[in-house]
Amino acid sequence: MATLSIESQKTSQIRFTLNGEEVDVSFAPYKTLLEVLREDLGHTGTKHGCELGECGACAVLLDGKAVLSCLVLALECDGRRVLTVEGLGEEGKLHPLQDAFADLGAAQCGYCTPAILVTAKALLDQNPHPNRDQIREALSGNLCRCTGYLQIFEAVEAAIVKIAGQNNSET
Amino acid sequence: MPEEKDSTKSTDSHSKANGHEFRVIGVPRRRVDARAKVTGQTRFADDIFLPRMAHCKLLRSPHPHARIRKIDASRALACPGVYLVLTGKDLPIQYGILPVSQDEQALCVDHVRHVGDPVAAVIAREELTAFEALDLIDVEYEVLKTISNPEEALATPEPRIHEYGEEGNIHKLVALEFGNVEEGFAEADEIFEDSFFYQGNTHLPIEQHAAVAIKDPDGKLTIWSSTQTPHYLHRALAKVLEMPAAHIRVIATPNGGGFGGKSDPFNHEIVVAKAALVLDRPVKICLTREEVFYCHRGRHPVLMKFKTGVKKDGTITGMHLQTLIDGGAYGSYGVASTFYCGALQTTTYHIPRYRYEGCRTFTNKPPCGPKRGHGTPQPRFGQEVQLDKIAEKLKMDPADLRLGIVESSNAMTANFFRLGTVNLAECIRRVVQLSGWKEKFRKLPEGRGVGLACSAYLTGAGLPIYWNNMPHSGVQLKFDRSGGVTIFCGATEIGQGSDDVLAGIVAEVLGIDTFDVRLFTGDTDLGPVDLGSYSSRVTLMAGNAALQAAERGKALLAEAVAEKLAVPRERLRFADRRVFDSTAPEKSVTFQEAICLAEARFGTIGTVGSYTPPKSPALYKGGGVGPSPTYSYSAAVVEVEVNATTGWIAVPKIWIAHDIGRALNPPLARGQVEGSVYMGLGEALMEEQEFRRLPKRLSHALVHKFPSILEYKSPTSLDMPDVITELIEEPDPRGPFGAKEVGQGPLLPIMPAVANAVYDAVGVRIDEVPITPEKIMKALAEKKAGREPRFGPSHFPHVNWPEPLRVPPPWEGGDGNAVNDVARRAKPRPEKEKVLAS
Amino acid sequence: MMRLPLFEFRAPRTLEEAARILDGEKTNAMPLAGGTDLLPNMKRRQQVPRTLMSLRHIQSLSHVELGHSGARLGACLTLADIAGDPRFRNGLTALAQAASVVATPQIRNMATLGGNICLDTRCNYYDQSYEWRKSINFCLKKDGTTCWVAPGSSKCMAVSSTDTAPALMALGARVRLVSRSGEREMPLSELYNNDGIDYIKRRPDEILAEVVLDSLQGWKSTYWKLRRRGSFDFPVLSVAAAARFSKNGVVEDARIAVGSAACRPLVAAEAAEYLQGRPLNQETIAEAATVAARIAKPLDNTDFDMTWRKRVTAEFVTYALRELRGDDMRPVNLLLTRHQ
């Protein structure tokens, strides 16, 4: 077991961009990004279901890529960009994915939802028109015990249509 | 808004049924808590952070069975940052979910019964400190003999895992006979005897159990917990902490999935409550995934033997079922589970004579309990696979065979359960049609096959867990001058949408939007008791209570508005946030004005509603398990593909029809069906709560094989097949707006349908769950060798069954009592079909 | 929540600096790349290094060089980098396939090639929390004296569970190891020991810096992975095969590797040799599959029944060889892996 003393260990500090805002945070250096988000920054939207990389519930976007915040040292996040479910909506509006998830039953207990939302966003950022198989594949790292996934796929597909509509009306 | 105008609205925002037009019920809509869920704002128990909060970790037994000789916590207490260490002597009072099984202690005092049983708690400033300090607690154990499975339990009366129960390590024996089953077999043209084994599995909610307790500023106790049953936790806390229940407030936070796994009062909840009281600071615990496997309360492993007599046309003449149930180390819901294993066989098909014998044993493993379908998926698997075998022998199509024997609406079963609406035949016809059954069954190429199975489930347990005559659900409504309505109810949101059910019913009755409704639920201080989110009871019971409260409020408002508008009350309609004369819609007031009028007239407006299920005619001992106000029905067809060289099995598609009565919010109802299908498929193909006994000559260890969410296999998005869901909507008058349950029933037909499909695909019977490639390969090898093409149990150990309670079925003049249970004989009650309690 | 134990953290910017740190710390330090293997092990207290040395600031470890003469792949390329890069085709298909089926999409965004090659061996008795392992009185690999997989064994039987190593072995890869005292290159097939504890020849002071591949012009390769579910799961058996054919379809050269069937990835040399000079027909494929499957020694320490895993080995070699021959194996692949 560890020989270093927890109570005497100094805190570390990093500065990074959280949901578009620069934040400074000090934390116990053994902590993962997940722990710092939830415990030191009060961002509890990101959940945890195993803390070992085996369920996907803690996914966030790190520099635009979906990663598991339970396996990222907070120390490694200095200067980086983190997006959590709290930063998904813009200008007081829900992201189309959030709207679709809410309307189509894609969130039952809602516990795996934040991670699935950000993972789906990363997919759509990279590929705005994924088919059902690509959605299945992209979300294959997020366990859901409530829905059987089908309404999640449908919600992602509905959001794709909505985003495409918004983009068309903008251009 | 006037009615004429409404009819021009698009039809998808309204639903029509029985000539009424609903604005909320049956209309697909965003559930009331959806926004919180998709923005990450739903506050789960572990999302609660309070100033000065300490963290708790539990030291757990490394031994499957041992006496505790000594605990020395001095080294842990000396650790900087450690505030408190609790041991069993701090919380010695026994508790448990069932009054007959008060066999748990929050921290074991002198006897540990499975690896993971908690023996001490460390509360520290940091969770890491608490964890590290666990290793500094010195516990001296005297190791006892390990009992790994029911057969060992039967053969090993000593040492006893508990000092109560039937005898030795038998926890519960049940023997019931409804009519002379031997006579039934004598009338049969064919008799079928089959054994099945259903492996245990677990709920695996993605949220790990968590609880936070505080001593309130006034000295009372508040606990937030991810519990499905705040009311039962409330009672357990009062008992163990020896505090008046009135000084304890339990707040059930929204559960990140429950599935039955958060239905018991748990040791960790009691421990943090005690610690908060001692330390006078908030104390939190959040279990690790491994610890959730030790809480367990999951599906019991059950060995079954079915003996069924049938006529040539498939009519059942009698059925005899025996079960041997692995209960694990504690009672939990196990006595109820033992009855449930034999209860619902009679609710799907007419069985004129029925005998059930069940035996639950204690073993040194985490306790089993209620998982989605509670005690009924195991015998349902056996029954439906056996029916498939019967159909083949009788040269009948399995769908036609079932259509010939389905029970009818309002029937009374051999074991005195009064059924509600029964639309099982329609479910069967629908999946047969949708799946192209007639073109596929026994006609697909080798390696592909289809299987069909059916099921029934309770819409709420007819009896409470502890004996009382009070309502099972209560709702209070507050009508505010602002035009808002607030619902107070003990019902617990576990993801199933209970908040939305309550809001939808109230909004429909009062003609407002669900967004106008506020909810305070799952809080023992704020709302009247609801017994909990288990047994699929909330929609019907809390729903009926909400309906009653809303109707009562509506009556008050109508009276005041009638006077104001000088319109007879009967002519008033409530819709679109207005109250208006249905014959002259321009005569109207807003809903808000209606409340003000009523408040001026009657004073502050608040109404209550409650629901008590009808008394059951099953008066015999054990008849308390299985009665329900009404039952849901499901039928499913599963298509499989089996690779003959590896035994690999894949499921490309599933069709399911569910007799729901009415879908209150259709996407949510469909989500419950799909989620049930998903979970059933996991049980059918991969989920297993497996244990490892190390070589006995080297070790006494008996450990969970892999208490992790990686090695406990639950299907991923890539493993989920397409599912075609049909909701059969024929309203049942017993449910609110005709609704029946949908959260559990649709799981039940999946496992047997998969097994039946495997037989259709490659001609082997897998009489065991889960159905894995290894088992298929073994059965294929048997087939190749010319032996019985089957994998499954071949023997049922000897159990000393007691003389059964003999209850003559209704058609033999029975009155619901056992004829040979003189001590208990109760007066038959006149059966009242009450939709609402008075 | 499971917490990491305390550690010192170092984040060198160059390979030289990293080598100096490892030289100073000796066995007390471990390199941290993607963290997806090491951090869970630390949370379960299977590995408790005093110092974690991050590799992510060393830019030279993330380079890719692909040319006619071969390839050099930095050890810190993520598996997603490899899986998603269209340059990993034809001869390199097996590597891209292997990388694309590791764990989950999120983990592939984090986990690195070097990390997957160095993946700690796995075992149902070892990949458990400290408390669980205490309840079996620990095991030979960590803190105990008995290998519970084979209690008579003096050797740890933990299983090599890397996806990319068998694929790279079929491609004839070499690895470059760098330490303060210098560097060495060795065939990947020689990197591993037949021992669940001392499973890798990388010394604690060495950094696996690069994977080196000769030109695979004219080669075809493929990777087949067995696991329970479509994602998440480690392989419980894998087969990688690569071959170069003459114009008339005779095998000129072949390499077959079998993963997750022993403490190290196995080279099925005899089977590959047998195929040389022969066409891939039903008979030769069956013979090669039988010979290759003989070397698999699965034990009861992963998911699935071990005798079944052994049995499926021959099937998987058959599938891989049929795919190399040009058969359309997509339906079988979809059935078994749920991947298109």
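This is a predicted model: local features need pLDDT of at least 70, side-chain atom pairs count only at pLDDT 80 or more; totals for chains, interfaces and linings use all residues.
Residues are numbered from 1 along each chain as its sequence is written, chains are lettered from A and ligands numbered from 1 in the order in which they are written. Local features need pLDDT of at least 70, side-chain atom pairs count only at pLDDT 80 or more, and totals for chains, interfaces and linings use all residues, while side-chain values use heavy atoms, with hydrogens and water left out.

The interface of chain A and chain B comes first. Here 47 residues of chain A are in contact with 59 residues of chain B, contact meaning heavy atoms within 4.5 Å. The area buried between these two chains is about 4600 Å², and carbon and sulfur atoms give 55% of it; buried area is the accessible area (1.4 Å probe) that two parts lose on being put together, summed over both. On the side of chain A, the residues that lose the most area to chain B are A:E7, A:Q108 and A:R145, which together account for 19% of what that side buries.

In chain A, the helices α1 (33-40), α2 (96-103), α3 (113-126), α4 (132-138) and α5 (150-170) each supply at least two residues of the side that touches chain B. Of these, α2(A) gives the most, with five residues. Helices (H or I, at least four residues) and strands (E, at least two) are DSSP runs, numbered from the N terminus.

A further salt bridge pairs B:D47 with A:R38, the closest N and O atoms being 2.8 Å apart. B:D47 lies in the loop between α2 (34-38) and β3 (54-60) of chain B, whereas A:R38 lies in helix α1 of chain A, so the pair joins two chains. Both B:D47 and A:R38 are buried, a term for under 20% relative accessible area, with exposed over 50% and partly exposed in between (1.4 Å probe, protein chains only).

The polar contacts between chain B and chain C number 20 residue pairs (both at pLDDT 80 or more).

The nonpolar interior is considered next. A nonpolar core is a set of buried Ala, Val, Leu, Ile, Met, Phe, Trp, Tyr and Cys residues joined through side-chain atoms within 4.5 Å. The largest has 316 residues, of which A:F101, B:V640, B:V754, B:V758 and C:L191 touch the most other members. Helix α19 (residues 750-762) of chain B gives the most to this core, with nine residues. Leaving out residues up to four places away in sequence, A:F101 touches several residues, including A:I116, A:L117, A:I152, A:V156 and B:V38.

Within chain B, B:K371 forms a salt bridge with B:E683, the closest N and O atoms being 2.8 Å apart. B:K371 lies in the loop between β17 (354-361) and α11 (377-393), and B:E683 in helix α18 (residues 666-685), 312 residues apart. Both B:K371 and B:E683 are buried. Helix α18 also holds B:S676, which is buried at 0% relative accessibility. The side chain of B:S676 reaches the backbone oxygen of B:Q672 at 2.8 Å.

In chain C, C:R176 lies in strand β6 (residues 174-179). With 16% relative accessibility, C:R176 counts as buried. The side chain of C:R176 makes a polar contact with the side chain of C:E210 at 2.8 Å.

Definitions and conventions. A polar contact is a pair of N or O atoms within 3.5 Å; within protein, one must be able to donate a hydrogen and the other to accept it, and residues adjacent in sequence count only if both atoms are side-chain atoms. A salt bridge is a side-chain nitrogen of Lys or Arg within 4 Å of a carboxyl oxygen of Asp or Glu.
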